[in-house]
Amino acid sequence: MQLLLLRMTKKTILVLLGCLLLLQSGISQELQAKVTVLANRIGSEVDRKVFQTLQTNLNNFVNNRKWGRDAFQPNEKIECNFLLNIDRALENNVYQASLTIQAARPVYNSSYLSPLINYIDNGIVFRYVEFQPLEFNENRIQGSDPLASNLTATLAYYIYIIIGLDYNSFALKGGDFYFQKAQHIVNNAPESRDISGWKAFDGVRNRYWLAENLLSSRYNLIHDAMYNYYKMGLDYMYDDPNTARANIMTSLLQLNQVNTEMPN
């Protein structure tokens, strides 16, 4: 009888532990993301099922991974969209695409979502073989195949940018931890003759400069403006509309000052 009770107790503990793990996994992830893959520009020579599989794998990659150090409740998850538009097939299993990144955060005591980012990254070249796992390792971003790693590294980079911007909107310079993670990807990004966007000389509008500028003290007013606009402006609108509007105006003046001092 004691042995039976002991077995039942162990079974109960395992069930409870399983439930706790499921509960933890449900509240830990930061994103409520939708990843869409479009391949309308690709001819019939490529099996369209490949892109459906890629879309499923990318959604799992983005949504089922823990990206930061804080646990998020379901209602706290950051709503975002990624649109991967395949422009052309360069060779077997290698594609060139653009990635549109959009994210928003809720405004306190309202049903309104205010945009955090709306950005297009052009010219992403990557390799994808159907059913091949999508891998990302912060400690080995380059991987054994740079072209295969480039897609997951790019997605991870923008995920950290999104989370950082979200934290920035709630606390002054609250997103620096995640911007540093994005910069770490830049510093260790995949390298190949077909890969661009990770280097300072790849133009003025790329992944390198976005992370660099978000962490540069020259652009501290950008962080002040974000905090004043979202936390002290939109979130404060319910309690004190006049003060909230004044804070939003302050944020616009701060943005104008940055633009005047450092155009482009």
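Rings of Phe, Tyr and Trp, the last taken by its six-membered ring, are paired if their centres lie within 6.5 Å, and planes under 30 degrees apart count as stacked, over 60 as edge-to-face and the rest as tilted. By this rule the predicted model has 13 aromatic pairs.

**Exercise 1.** Classify the ring pair of tryptophan 67 and phenylalanine 136, and state where in the chain the two residues lie.

*Solution.* The centres are 6.2 Å apart and the planes stand at 45°, so the pair is tilted. Tryptophan 67 belongs to the loop between α2 and β2, whereas phenylalanine 136 belongs to the loop between β4 and α3, 69 residues apart. Both tryptophan 67 and phenylalanine 136 are buried.

**Exercise 2.** Work out which class the pair of tryptophan 67 and tyrosine 160 falls into, and which parts of the chain the pair ties together.

*Solution.* With 5.7 Å centre to centre and 85° between the planes, this pair is edge-to-face. Because tryptophan 67 lies in the loop between α2 and β2 and tyrosine 160 in helix α3, the pair ties together parts that are 93 residues apart in sequence. Ring pairs join Phe61, Trp67, Phe136 and Tyr160 into a cluster.

**Exercise 3.** Describe the open sheet, giving its strand order and its edge strands.

*Solution.* Four strands, in the order β1-β2-β3-β4, form the open sheet with mixed pairing. The edge strands, each pairing on one side only, are β1 (31–38) and β4 (113–127). Strands β2 and β3 run antiparallel and are joined by 11 bridges, and helix α2 (residues 49–63) lies across β1, β2, β3 and β4, running at about 165° to β1.

Note on methods: Residues are numbered from 1 along each chain as its sequence is written. This is a predicted model: local features need pLDDT of at least 70, side-chain atom pairs count only at pLDDT 80 or more; totals for chains, interfaces and linings use all residues. Side-chain values use heavy atoms; hydrogens and water are left out. Two strands pair if DSSP finds at least two bridges between them. Contact means heavy atoms within 4.5 Å. Axes are lines fitted to C-alpha atoms, for helices over the stretch in contact, and angles run from 0 to 180 degrees between N-to-C directions. Buried means under 20% relative accessible area, exposed over 50%, partly exposed in between (1.4 Å probe, protein chains only).
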